[in-house]
Amino acid sequence: IDRGAGADKVAAADPAAAPLGTDDEAAGQPPAPAEVAMAERAEARRASPAAAKPGPADLQGRRRNPVMQVTLAGVAIFLVVALVLLGGSI
């Protein structure tokens, strides 16, 4: 689940994640209707609309900072030039 209305959902792909109770359902013990209703009420009460939550692409876009990338490239070039000028070998 990449996005959802429950507050416990994180906007990220995780194919290994399984909701609680999955093993119970696989073993033939699904949750009782009262348990399902209680969980739905609890999640809906604390959740913000799913449309307002950032998706994986939005979150990944924030990680790329062009200023930081240019700064790191400049530092790397400076270090290589300094080593060459000082007679060091790489």
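The following conversation walks through a predicted model of one protein chain.

Visitor: What should I know about the model before reading any values?

Guide: The model is predicted, so local features need pLDDT of at least 70 and side-chain atom pairs count only at pLDDT 80 or more, while totals for chains, interfaces and linings use all residues. Residues are numbered from 1 along each chain as its sequence is written, and side-chain values use heavy atoms, with hydrogens and water left out.

Visitor: How do you know where confidence is lowest and highest in the protein chain?

Guide: The guide here is pLDDT, the predictor's confidence in each residue, from 0 to 100. The protein chain averages 74, and 60% of the residues score at least 70; helix α3 (residues 56–63) has the lowest confidence, with a mean of 69, whereas α4 has the highest, at 90.

Visitor: What makes a stretch count as a helix, and how many helices are there?

Guide: Helices (H or I, at least four residues) and strands (E, at least two) are DSSP runs, numbered from the N terminus. By that rule the protein chain has 4 helices and 0 strands, and its pattern along the sequence is α-α-α-α.

Visitor: How do you know that the span of α4 is close to the expected one?

Guide: The expected span is 1.5 Å times one less than the number of residues in the helix. With 20 residues, α4 reaches 28 Å from its first C-alpha to its last, close to the 28 Å expected.

Visitor: Why is Val75 called partly exposed?

Guide: Buried means under 20% relative accessible area, exposed means over 50%, and partly exposed lies in between (1.4 Å probe, protein chains only). Val75, which is found in helix α4 (residues 66–85), has 43% relative accessibility and therefore counts as partly exposed.

Visitor: Why is Pro30 called exposed?

Guide: Pro30, in the loop between α1 (22–26) and α2 (33–46), has 58% relative accessibility, so Pro30 counts as exposed.

Visitor: What is Pro30 in contact with, leaving aside its neighbours within four places in sequence?

Guide: Contact means heavy atoms within 4.5 Å, and, with those neighbours left aside, Pro30 is in contact with Asp24 and Glu25.

Visitor: What share of the protein chain is made up of buried residues?

Guide: Of the 90 residues in the protein chain, 6% are buried.
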